[in-house]
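Subject: Structure handover

Hello,

Please find the structure below, followed by notes on what was found in it.

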Amino acid sequence: MTMSTITPHHSIGLPQPRLHRFQKPRLKPHLFPLHSSKENSASISTSTSTSFEKQGAEEGIPIEDVTTLAKFQSRHNHIRVLEVSRRADHPLAGSRLLLLDIPGNIHSISHLFHPLTSSYFDVFATLPPIIPSGPIAILGFGAGSAARLVLNLYPKTIIHGYELDPSVISVAREFFGLFKLEKQYRNQISISVSDAIEAIPTMADGFYSGILVDLFLKGSVIPQLQDKDTWKELKKKLDKNGRIMVNCGGRCVESEDPRRDGNVVKEETLKAMSEVFGKDKLFVLNLGGTKEEDSWVGLTGALPDLEGWKVIMPTALRCYVDMWKPYINVTNTYKYIRNECTRK
């Protein structure tokens, strides 16, 4: 197995916070439905592996600890913005959440007092140290969770975001601090309100040092990501040593269309990627502690120098480095062991 060396990308401008002392919430998609417990008290569930009726109240947040800040139907999404009380005994306490579909999948998360999310957004933030210096594209910008974390950690990064729904960007500016982020990094962040897939031909070849892909619609990874032609086009947009990191979903996903099984879609997405990048140049990371709650992230390119990768990352993110496994057969043989990141 080939390994690539680490070239410093950006300086880190943030103190090294610790992750929550809770089990990692299964995010993006991450179910947040309202339901009634056996005691008839409504709660918000954090489980994605069973139907709402079968989920125990012990898995949820009491409804009195959740405030709905916005709720409306846009052209593309069923938008809800929730705020979880700081009093809640839960990893999401003190956060704002963006839900974009009927099942209640979380598409952005923002904590008031610390930047880390204890979710796949933190994994996305490990990409800059292993790519050349240069702009990063975020396909599926959402409310800017990935952009905010990357800029906090690597303040010199240039980010180009692509978001389909203009209402999502409006919500991000009003409730998730995007307006402030754009003002603070006004020469470093730009957002195109457009279909990210349709925008690919307009991107210059070899332009991006990294691409973060987080494209979901109606609770499922979009079908275009199961098409190898999409990945061929995206590969053209990368710098010679650039990489793509992808939220591939998994069993944690609940789609509005029951035919879009999260695990099947994840497998088809990774298969399409492997046909373009090669099975030896595709690695996967699973955030789920059990088979039923798995949530997968994919990474292209040769395996980085793991120790070198750790050295130039904040301490709180180093735990993710050893979680990467080769794609070859891993999704069928993966051992579901709770990782160290969930214990921080």
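A residue is called buried here when its relative accessible area is under 20%, exposed when over 50%, and partly exposed in between. The model is a predicted one.

Overall

The chain has 344 residues, and buried residues make up 59% of them. Its secondary structure comes to 9 helices and 19 strands. Of the contacts with a separation of 6 or more, 68% are between residues 24 or more positions apart. The accessible surface is about 14,900 Å², with 50% of that belonging to carbon and sulfur atoms.

In H3, the buried residues are Val168, Ile169, Val171, Ala172 and Phe175. They cover an arc of only 160° around the axis, which puts them on the same side of H3. What do the buried residues of H3 pack against? Their partners are strands E5 (66–73), E6 (78–84), E7 (95–99), E10 and E11 (189–193), together with helix H4 (178–184).

Asp165 lies in the loop between strand E10 (159–163) and helix H3 (166–175). Asp165 caps the N-terminal end of H3, with a side-chain oxygen 2.9 Å from the backbone nitrogen of Ser167. The side chain of Asp165 also makes a polar contact with that of Ser74, at 2.5 Å. Asp165 is buried but has no salt bridge, and the nearest side chain of opposite charge, Arg75, is 8.3 Å away. Leaving aside residues up to four places away in sequence, Asp165 touches Ser74, His76, Asn77, Ile79 and Val193. After the other end of the helix, H3 is followed by Gly177, which has a positive phi near 75°.

Helix H2

H2 (residues 145–153) has 8 of its 9 residues buried, so it is largely enclosed by the rest of the structure. Among them are Arg148, Leu149, Val150 and Leu151.

Most residues other than glycine have a negative phi. Ser118 has a positive phi, near 55°, and is found in the loop between strand E8 (106–111) and helix H1 (120–124). Lys218 also has a positive phi, of about 55°, and lies in the loop between strand E13 (216–217) and strand E14 (220–221). Are these two residues buried or exposed, fully or partly? Ser118 counts as buried at 4% relative accessibility, while Lys218 counts as partly exposed at 44%.

Salt bridges

The whole structure has 12 salt bridges. Three of the pairs are described here.

- Lys232 and Asp229 meet in a salt bridge at 3.9 Å, N to O. They are 3 residues apart in helix H6 (residues 228–236), and so separated by about one helical turn. Lys232 is partly exposed at 40%, as is Asp229 at 42%.
- Glu275 forms a salt bridge with Lys271, with the closest N and O atoms 2.6 Å apart. The two are 4 residues apart in helix H7 (residues 262–277), again about one helical turn. Glu275 is partly exposed at 44%, and Lys271 is partly exposed at 46%.
- Lys310 forms a salt bridge with Asp322, the closest N and O atoms being 2.6 Å apart. Lys310 lies in helix H8 (residues 306–311) and Asp322 in the loop between H8 and strand E19 (325–326), so the pair ties together parts 12 residues apart in sequence. Lys310 is buried at 16%, whereas Asp322 is partly exposed at 41%. Glu307 joins Lys310 and Asp322 in a network of salt bridges.

Regards

Methods:
Residues are numbered from 1 along each chain as its sequence is written. This is a predicted model: local features need pLDDT of at least 70, side-chain atom pairs count only at pLDDT 80 or more; totals for chains, interfaces and linings use all residues. Side-chain values use heavy atoms; hydrogens and water are left out. Buried means under 20% relative accessible area, exposed over 50%, partly exposed in between (1.4 Å probe, protein chains only). Lys and Arg count as positive and Asp and Glu as negative; His and the chain ends are not counted. A salt bridge is a side-chain nitrogen of Lys or Arg within 4 Å of a carboxyl oxygen of Asp or Glu. A polar contact is a pair of N or O atoms within 3.5 Å; within protein, one must be able to donate a hydrogen and the other to accept it, and residues adjacent in sequence count only if both atoms are side-chain atoms. Contact means heavy atoms within 4.5 Å. The arc is that of the directions from the helix axis to the C-beta atoms. Accessible areas come from the Shrake-Rupley method with a 1.4 Å probe; for residues, only the protein chains shown count as cover.
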